Amino acid sequence: VQLQAYGGGLVQAGGSLRLSCAASGSIFSIDVMGWYRQAPGKQRESVALISTGGSTNYRDSVKGQFTISRDNAKNTVALQMNSLKPEDTAVYYCYAFYRGNPYWGQGTLVTVSS
């Protein structure tokens with residue numbers, strides 16, 4: 001499974017960004033897709049995950065602020081990020097869990113200026 005993420009960039013606090021990720025390869029149905037992030041000097045953390053059936057899981061700090069969605073037919077996942085804060089600054093990684101294995105994209109940088 002190869003994951004290609006798009007959509008990072010620089011935005012002012014309070015602004016919005018949308019991240020997208022497309023999975024490719026010999027895949028049938030990806031169990032879980034989502035996003036992790038890693039801020040400088042911190043561990044990678046889960047941001048939002050979504051199952052094939054649409055069940056979602058958000059870290060508490062982004063609930064009501066971020067929205068995850070996916071298109072199962074296209075094997076894509078998106079993260080709509082609103083009301084961004086400087087503490088959301090991080091490299092965001094697309095994630096997929098498929099047939100018992102985790103896969104990661106290359107990461108896309110999101111910088112939120114105050």
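So, is Arg-37 buried or exposed? Buried: its relative accessible area is 5%, where buried means under 20%, exposed over 50% and partly exposed in between, using a 1.4 Å probe on protein chains only.

Quick housekeeping. This is a predicted model, where local features need pLDDT of at least 70 and side-chain atom pairs count only at pLDDT 80 or more, while totals for chains, interfaces and linings use all residues. Residues are numbered from 1 along each chain as its sequence is written, and side-chain values use heavy atoms, with hydrogens and water left out.

Okay, back to Arg-37. You'll find it in strand β4, residues 32-38; strands here are DSSP runs of E, at least two residues, numbered from the N terminus. Its side chain has a polar contact with the side chain of Glu-45 at 2.8 Å, and another with the side chain of Tyr-92 at 3.0 Å. Polar contact means a pair of N or O atoms within 3.5 Å; within protein, one has to be able to donate a hydrogen and the other to accept it, and residues adjacent in sequence count only if both atoms are side-chain atoms. Skipping neighbours within four places in sequence, Arg-37 also touches, among others, Arg-59, Phe-66 and Asp-88, contact being heavy atoms within 4.5 Å.

Most residues other than glycine have a negative phi. Asn-75, not a glycine, has a positive phi of about 55°. Asn-75 sits in the loop between β7 (66-71) and β8 (76-81), and is buried at 10% relative accessibility. Then there's Arg-99, with a positive phi near 50°, in the loop between β9 (90-98) and β10 (101-104). Arg-99 is exposed, at 63%.

Terms used. Helix = DSSP H or I, 4+ residues; strand = E, 2+ residues; numbered from the N terminus.
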